[in-house]
Amino acid sequence: MDTIAAIAAGGGAPSAIGVIRVSGPDCFRICGQVFHASRPFEALEARKMVLGEVLDRENRVLDRGLAVRFPAPHSYTGEDSAELHCHGSPVVLRETLAALFSAGARQAGPGEFTKRAFLNGQLDLTQAEAVIDLIDAETAAAARNAAAQLDGGLRRVLEPIQEALLDIASRFYAVVDYPDEDIQDAGPEEITHALVTSEEALTRLLASCKRGQVLKKGVRTAIVGLPNAGKSSLLNALAGYERAIVTGVAGTTRDTVEESVLCGGVLLRLIDTAGLRETEDEVERLGVERSRRAMEEAELILLVRDGTVSPENMAHWEAEALLLTQVAQTGKPWLCVESKCDLAGPHAFSIGLLQKDANNPAACLCVSSVTGQGLEKLEEAVAALFPAGDPGETGSLLTDQRQEEAARRAREALCRGRQALESGLTPDAVLTDVEEALDALGELTGRTAREEIVERIFSRFCVGK
């Protein structure tokens, strides 16, 4: 492989420190032409910061900074690697990078450092994906899960399954290839036990998919209600700033407004929608249509009701009863949020809840977007709907659709093999299913991943990582 270099930190705007990363077989010679210290670069102590001069393409001093050397195989990529730490001027970083290119390095592609770490056996594919998840993490819980997965949390769950299946396959082939040797073949009971335990482990793993997706992507949440119910005020209260325009005029929100907020430890992708009502205003009507579409696509619905409306306002209650039915019919989990509780009178929550077996709200809450009253209860209700899972599961949650599909194919193959044994087929008949499960698990970890899968994964990375 050739030697690659890229800006790993800074470069876009002035910053205190910028970092350039270099990796490859000619790394130390190239860095030695750009960084001068008291000793030749190859002789610098490994994994120790050294002060020196950073030179440009014409060997003129460009900056004074630090360098650190990581000899193979004890580096991130498994190759000879180094980092140059300069002042964070974009000009300094660009000129330093140009000097490295002039000395023989080339520009690294997106994710190429991590790709080399994977190809050199420093990381498996689940750990490599955890790197980008850690970079993109928007909540502390997502960061903790990605960090634990980077530490091998998911690999440690999968390894016992792979080892059990490899044992079955290898023993079968050993008996076939060496019939004269005294090699004990795996019997039906032993194979059944391995298939059942592996299938159960994958079932538990697949059950984590929803929590993993919530950690990684958040929950798409539609805030719906009649015009002037307090939807935009609730969005602003949860966001902590004036994200949406709020007036006393019904129909102010004409289009969907989106914002990501942390609520009860759960990342909500909030969509503030136009008030749902029949209207002759063409612009508002388009907004209402988008509101209905947002409600259909949501994973959680917050139905906001105006707690100050008088019980005598029959037109309002009829429109709200229709909206309640529409929300329930989506089949989505939803919360009934009574707004303006600081102004509401004794008629608050004067709604007729739905039938016993209908899709009733998970909780009914009174909140005030002005005083903050009730927002804590809303956070508790959201956390109850989307639990993060047991702390012991950290790092073993499937967070990616690719991972889920591979694990599901492995489980289906094991299920077919188990059913074949139960129907009376001989153990050798399930070997194909065992090998199919191993291939799927190998795709998940990277042992047997096709090149196009690997390329697609690393294309998501930023340059320098």
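Predicted model: local features only at pLDDT ≥ 70, side-chain atom pairs only at ≥ 80, totals over all residues.
Residues are numbered from 1 along each chain as its sequence is written, and side-chain values use heavy atoms, with hydrogens and water left out.

Most residues other than glycine have a negative phi, and most peptide bonds are trans. Against that background, asparagine 59 has a positive phi, near 60 degrees. Asparagine 59 sits in the loop between strand S4 (50-55) and S5, where helices (H or I, at least four residues) and strands (E, at least two) are DSSP runs numbered from the N terminus. With a relative accessible area of 55%, asparagine 59 is exposed (buried is under 20%, exposed over 50%, partly exposed in between; 1.4 Å probe, protein chains only). Lysine 340, also not a glycine, shows a positive phi of about 60 degrees. Its loop runs between strand S12 (334-339) and strand S13 (363-366), and lysine 340 is partly exposed at 23% relative accessibility.

The peptide bond from alanine 72 to proline 73 is cis, with omega near 0 degrees. Proline 73 belongs to the loop between strand S5 (61-70) and strand S6 (81-88).

Alanine 298, in the loop between helix H10 (282-297) and strand S11 (300-306), is buried at 2% relative accessibility. Leaving aside residues up to four places away in sequence, alanine 298 touches Arg220, Ala222 and Lys332 (contact means heavy atoms within 4.5 Å). Threonine 221 is 77 residues from alanine 298 in sequence, yet their C-alpha atoms are 5.3 Å apart.
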